[in-house]
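Reader: I'd like to go through the charged pairs and the packing in this one. Can you put it up?

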Amino acid sequence: MPISAISFDGDMTLWDFRKVMRHSLKKALAELRRLVPSQRARDLSVEGMIEIRSQVEEELKGEVWNHEEIRLLAFERTLESIGSSDRDMAAHLNALYLKHRFEDIELYPDVEPAFDRLAPHYKLGLLSNGNSYPERCGLGGHFVFVVFSQDVRVRKPDRRIFEIAAREAGCPLDELLHVGDSLENDVMGAHEAGAKTVWLNREGMGNNTEIKADFEITTLADLPGVLESGGN
């Protein structure tokens, strides 16, 4: 069957999430230290804030899906950890974090050129466990369909989220091609749902698993050529 729609993972596929997340946390930490000039605040680190956020997410797994709400609760927990419990301050820090989290995203340089080549021939979509809204990170107007796990309450690699993506794209699952950086979440999940798969392996990592993608590329610049040679 020909491919009629392509879904893309977001974080670490279209942009460097780890980079923008740490950058945004540094901004929030600097503001926290300004507002709370204590030794405990000075001892707080970005790594510590990441650990707190992970703990909060794990505790609320299956109960709270919205990433912005989880981040807010993580800031509340962070302030509690330094003895400065203050919900208003947590909300202020969360707003500052989100401002940089979205506005300072830098797309990988191969993203928009690839989209320009693909868009005339395929329906393009965003399929993400994250919450980087296209219109807030420089990709407004590029996608025909957008599916976030927090909205549908199903996370990759669950096959149901790929079924939802195919439905939103208006195509059968075997006409959907999913592109992502995670072998488990993106490749295995999409394959088990019946979609075709591309592993975007930007760093050229070895694959010691039994998970195999239909195609493997190191840059999105290669995707149009792959599709022209074997995707249809």
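Predicted model: local features only at pLDDT ≥ 70, side-chain atom pairs only at ≥ 80, totals over all residues.

Reader: Start with K156. Which residue does it pair with?
Author: K156 bridges to D9, with 2.8 Å between the closest N and O atoms. K156 is in the loop between α7 (149–152) and α8 (159–169), and D9 is in the loop between β1 (5–8) and α1 (17–35), so the bridge ties together parts 147 residues apart in sequence. Helices (H or I, at least four residues) and strands (E, at least two) are DSSP runs, numbered from the N terminus.

Reader: Is K156 buried or exposed?
Author: K156 is buried, at 5% relative accessibility. D9 is buried too, with a relative accessible area of 6%. Buried means under 20% relative accessible area, exposed over 50%, and partly exposed in between (1.4 Å probe, protein chains only).

Reader: And R202, what does that one hold on to?
Author: R202 forms a salt bridge with D110, and their closest N and O atoms are 2.8 Å apart. R202 sits in the loop between β5 (196–200) and β6 (215–217), D110 in the loop between α5 (87–103) and α6 (111–118), so this pair links parts 92 residues apart in sequence. R202 is partly exposed at 24%, whereas D110 is buried at 9%.

Reader: What about E31 and R34, where do they lie?
Author: Both lie in helix α1, 3 residues apart, which is about one turn of the helix. E31 is buried at 14% relative accessible area, while R34 is exposed at 57%.

Reader: Change of topic. At what angle do α1 and α5 pack?
Author: About 145°, with the axes 8 Å apart. Axes are lines fitted to C-alpha atoms, for helices over the stretch in contact, and angles run from 0 to 180 degrees between N-to-C directions.

Reader: Which residues meet there?
Author: From α1 they include F17, M21, L25 and L32, and from α5 they include M89, L93, L96 and Y97. The residues of this contact divide into 11 nonpolar, 4 polar and 3 charged. Nonpolar covers Ala, Val, Leu, Ile, Met, Phe, Trp, Tyr, Cys and Pro, charged covers Asp, Glu, Lys and Arg, and the others, Gly among them, are polar.

Reader: E76 next. What does it touch?
Author: Not counting residues up to four places away in sequence, E76 touches R87 and A90; contact means heavy atoms within 4.5 Å. E76 is in helix α4 (residues 67–81).

Reader: Last one, F143. Where is it found?
Author: F143 is in the loop between β2 (123–128) and β3 (145–148). F143 is buried at 14%. Leaving aside neighbours within four places in sequence, its contacts include L14, F115 and P134.

Technical notes
Residues numbered from 1 in each chain as written. Heavy atoms only, no water. Salt bridge = Lys/Arg side-chain N within 4 Å of Asp/Glu carboxyl O.
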